[in-house]
Amino acid sequence: MGAIERLAISKNGFVFDPATGNSYTVNSTGLFILNLLREGKSEDEIVDALVENFEVSQEEARRDLLDFLEQLRVNGLLEASNV
Amino acid sequence: MYKVAVSGINAVDNPGPGVGVAKSIKQGDLEVKVFGLAYDAMEPGIYMDWLIDRSFLMPYPSKGEEPFLQRLFYIKERYGLDVVIPNLDAELPLFIKAQKELSSFGIKTFLPTEEQFKLRSKGELPKIAEEVGLKVPKTITVTSYEDFVKAVNEIGFPLMVKGVFYEAYKAFNISQATAYFNTLVSKWGYPVIVQEVVSGEEMNVVGVGDGEGGHFGLVAIKKLWITSLGKIWTGITVKNEKLLQAAQSFVSAFKWRGGFEVESIVSENEVYLIEINPRFPAWVYFATGVGINLPLRLLKAALGMEPERDWEYEAGKLYVRFTDDFITDMDKFQEVIVNGEA
């Protein structure tokens with residue numbers, strides 16, 4: 001099971017990894033992205049969803065998404081090959 | 001009514017497991033009277049009469065087996081004693097060696113064999129790790145200053161300097177390492193263990209082996225907040241499959257009997273074995289609190305009953321230790337000082 005799948009994600013943005021005991025907080029955008037990642041959505045699909053739901057341009061959404069994914073990788077929550 | 005003695009009732013800043021064990025067995029479905037075995041009249045457990053019904057001062061195990069066992073036989077004769085659950089490293093060799101003799105006097109234990117006990121000593125750890133398919137930080141056991149310097153040069157900084165029973169320090173340079181080495185030698189004697197530092201999440205597992213390769217439950221935790229002595233103050237239950245699998249392999253490979261604690265460092269793809277303690281950790285009540293009453297299960301096993309084996313617990317349960325205080329009369333203190341029991 002990948003790290004994203006095993007995470008316990010609360011509606012208030014508190015994220016707990018049961019395998020490592022680490023916890024994180026994400027804002028509503030982060031929560032939105034995490035949930036889409038769990039559904040197996042691709043990078044393009046997530047960018048589209050961000051543009052649709054938040055007032056951002058395609059470029060801004062992609063940049064922020066890549067930044068967020070990188071943070072997930074740094075924290076060992078996403079493998080290099082994911083997304 | 002079962003009469004059960006527990007040691008390690010020193011609920012201080014470096015707490016023994018006794019109070020957690022007493023609290024656990026009192027919460028179980030057996031009717032028990034708990035006797036505390038103490039080494040000092042100031043051990044807080046003596047005064048915690050809601051958990052410990054009567055306490056006895058014990059001679060130090062270093063004074064020899066005879067006076068120690070005589071004290072236990074006295075308790076048995078005078079008050080009745082069914083089971084002893086020893087919780088301190090320094091007394092375990094004595095209990096393990098004497099388990100048959102104790103049993104012949106009707107005092108039951110549930111302990112590893114001498115061979116198992118020796119196997120998990122810090123110096124032997126690489127062998128266990130290999131057997132159960134875990135990694136182990138490079139470890140060198142030294143018995144002289146010359147060997148120590150050689151070991152330090154081989155491992156490089158930072159490194160851990162550890163006493164054979166107690167205490168571990170992280171050293172970043174030779175003067176620090178030498179100071180820790182000298183402290184440990186003067187306090188605990190040889191050998192001293194020099195160990196590579198590995199990075200990752202520090203996680204521990206508590207469990208009870210059934211002596212036949214199975215177990216009566218495992219609970220894995222991560223320390224979130226520790227004291228300056230490295231003792232857990234806040235922790236969280238985790239479910240790390242690799243670590244739990246390793247703990248099961250350890251139990252089955254060595255047919256471990258009794259309580260134990262596996263200390264490990266889990267990095268992304270590896271589990272490093274740091275230490276195996278042949279007893280419950282001081283935070284053992286954490287397991288009880290998440291529904292796996294390991295001390296009670298050990299007690300049942302010692303009594304020849306078949307304990308529960310389920311160990312489904314929730315990850316993300318928080319352990320919170322706190323300081324508390326209470327006031328009591330001086331009577332009990334006086335009795336302990338004068339009579340050695342109260």
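Me: Contact means heavy atoms within 4.5 Å, so what covers the buried residues of H2(A)?

Reply: The cover includes H1 (3-6), strands E1 (8-9) and E2 (14-16), and helices H3 (43-53) and H4 (58-74) of chain A. Helices (H or I, at least four residues) and strands (E, at least two) are DSSP runs, numbered from the N terminus. Do keep in mind that this is a predicted model, where local features need pLDDT of at least 70, side-chain atom pairs count only at pLDDT 80 or more, and totals for chains, interfaces and linings use all residues. Residues are numbered from 1 along each chain as its sequence is written, chains are lettered from A and ligands numbered from 1 in the order written, and side-chain values use heavy atoms, without hydrogens and water.

Me: Which residues of H2(A) are called buried?

Reply: In H2(A), residues 28-38, they are Gly30(A), Leu31(A), Ile33(A), Leu34(A), Leu36(A) and Leu37(A).

Me: What caps the N-terminal end of H2(A)?

Reply: Asn27(A) does, with a side-chain oxygen 3.1 Å from the backbone nitrogen of Thr29(A). After H2(A) comes Gly40(A), with a positive phi near 85°.

Me: Why is the pair Arg279(B) and Asp89(B) called a salt bridge?

Reply: Their closest N and O atoms are 2.7 Å apart, and the rule asks for a side-chain nitrogen of Lys or Arg within 4 Å of a carboxyl oxygen of Asp or Glu, so the pair qualifies. Between chain A and chain B, the rule finds 0 salt bridges.

Definitions and conventions: Buried < 20%, exposed > 50% of the residue type's maximum accessible area, 1.4 Å probe, protein only. Contact = heavy atoms within 4.5 Å. Polar contact = N/O pair within 3.5 Å; in protein donor to acceptor, adjacent residues only side chain to side chain.
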